[in-house]
Amino acid sequence: TVTFNGAGRLKTSLTNGGIPITLGGSSYVTFDNMTISTTGNADVIKEGGTTKCRFISDNLISPIYSSTGSNHVINSSGTGLVVKACRVVGGYFTMAISGSYDSIVHNRFIASGYNIWQNSGTGNVYQYNVIDSVSDKTPYAGLYNTSGESGCTYDANYFNFRDETGAEVNF
């Protein structure tokens with residue numbers, strides 16, 4: 001197990017113009033209590049072939065979606081990813097999850113882009129999350145499930161589809 005403990009979300013940050021965190025084939029890696037962000041059109045977290053990696057109490061920040069684009073905040077195809085108590089900001093597809101048995105719980109999603117969640121995994125759990133706002137005036141979908149998703153649990157999530165002015169956004 002490897003754990004990176006930050007001194008606080010506003011005191012510890014990992015930032016670059018590319019992908020700040022790429023995990024491939026990693027197991028049991030935790031990032032706790034820090035800000036992880038990209039200034040470019042890249043994913044903030046890209047993981048594949050991973051097992052039980054975790055992001056706990058972090059700020060995960062991508063540029064706010066625009067017509068010139070930005071990518072995912074979280075792009076995962078691993079197993080057992082945990083994203084818990086994080087503040088997730090921006091992105092085109094804010095979250096793309098195609099892994100298995102992931103746990104996305106107690107997070108706040110802010111200024112999401114064209115698709116907020118794009119999910120196609122197996123046995124994943126999405127609970128107690130808040131979709132706070134969207135940045136796209138004409139978003140495509142709040143939750144976009146592909147035909148490949150199965151056995152997932154969606155429970156007690158709050159969807160507040162409002163733009164940055166507070167106006168309700170319809171799909």
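**Entry 1: the sheet**

I began with the open sheet of seven strands, whose order I noted as S1-S4-S7-S10-S13-S16-S19, with parallel pairing. Everything in this notebook comes from a predicted model. I then looked for the edges of the sheet and found S1 and strand S19 (153-155), each of which pairs on one side only.

**Entry 2**

Strand S1 (residues 2-5) pairs with S4 in the parallel sense, and I noted four bridges between them. One spot to look at is Asn5, which stands opposite Asp32 in S4.

S4 and strand S7 (residues 54-56) run parallel and are joined by three bridges. Which residue in S7 is the bridge partner of Phe31? I found Phe55 there. I kept both names in mind for the next entries.

**Entry 3**

I turned to the aromatic rings, where the count comes to three aromatic pairs. Phe31 and Phe55 form one that is stacked, with 5.3 Å from centre to centre and 5° between the planes. This pair links distant parts of the chain: Phe31 sits in strand S4 and Phe55 in strand S7, 24 residues apart. Are these two residues buried or exposed? I found Phe31 buried, and Phe55 as well.

Phe31 and Phe55 also belong to one aromatic cluster with Phe4. I listed what Phe31 touches, leaving out residues up to four places away in sequence: Phe4, Leu14, Ile21, Leu23, Ile36, Arg54, Phe55, Ile56 and Asp58.

**Entry 2: the nonpolar core**

From Phe31 I went on to the largest nonpolar core. How many residues does this core hold? I noted 28, and the members that touch the most other members are Phe31, Ile36, Phe55, Leu60, Ile74, Met95 and Ile104. The elements giving two or more residues to this core are strand S3 (21-24), strand S4 (29-32), strand S12 (93-97) and strand S15 (115-119). As a reminder to myself, nonpolar side chains tend to be buried together in soluble globular proteins.

Strand S16 (residues 125-127) and S19 run parallel, with three bridges joining them. Val125 stands opposite Thr153 in S19.

I looked for rings here too, and found Tyr126 and Tyr154 in a stacked aromatic pair, 4.6 Å centre to centre with 15° between the planes. Tyr126 lies in strand S16 and Tyr154 in strand S19, so this pair ties together parts that are 28 residues apart in sequence. Tyr126 has 0% relative accessibility and counts as buried, whereas Tyr154, at 31%, is partly exposed.

**Entry 3: salt bridges**

How many salt bridges does the structure hold? I noted two.

One joins Lys46 to Asp43, with the closest N and O atoms 4.0 Å apart. Lys46 counts as partly exposed at 36% relative accessibility. Asp43 is at 4%, and because buried means under 20%, I wrote it down as buried.

The other joins Arg108 to Asp132, where the closest N and O atoms are 3.0 Å apart. Why does this pair tie together separate parts of the chain? Arg108 lies in strand S14 (residues 108-110) and Asp132 in the loop between strand S17 (130-131) and strand S18 (141-145), so the parts it ties together are 24 residues apart in sequence. Both residues are partly exposed: Arg108 has 37% relative accessibility, and Asp132 has 23%.

**Entry 4: a glycine in a loop**

My last stop was Gly17, in the loop between strand S2 (13-16) and S3. Gly17 is partly exposed, with a relative accessible area of 45%. What does Gly17 touch, not counting residues up to four places away in sequence? I found Thr38, Thr39, Gly40 and Ala42. I looked up the spacing to Ala42 as well: Gly17 and Ala42 are 25 residues apart in sequence, and their C-alpha atoms are 7.5 Å apart in space.

Terms used:
Residues numbered from 1 in each chain as written. Predicted model: local features only at pLDDT ≥ 70, side-chain atom pairs only at ≥ 80, totals over all residues. Heavy atoms only, no water. Core = buried A, V, L, I, M, F, W, Y, C linked by side-chain atoms within 4.5 Å. Buried < 20%, exposed > 50% of the residue type's maximum accessible area, 1.4 Å probe, protein only. Contact = heavy atoms within 4.5 Å. Pairing = 2+ DSSP bridges. Salt bridge = Lys/Arg side-chain N within 4 Å of Asp/Glu carboxyl O. Phe/Tyr/Trp six-rings, centres within 6.5 Å; stacked < 30°, edge-to-face > 60°.
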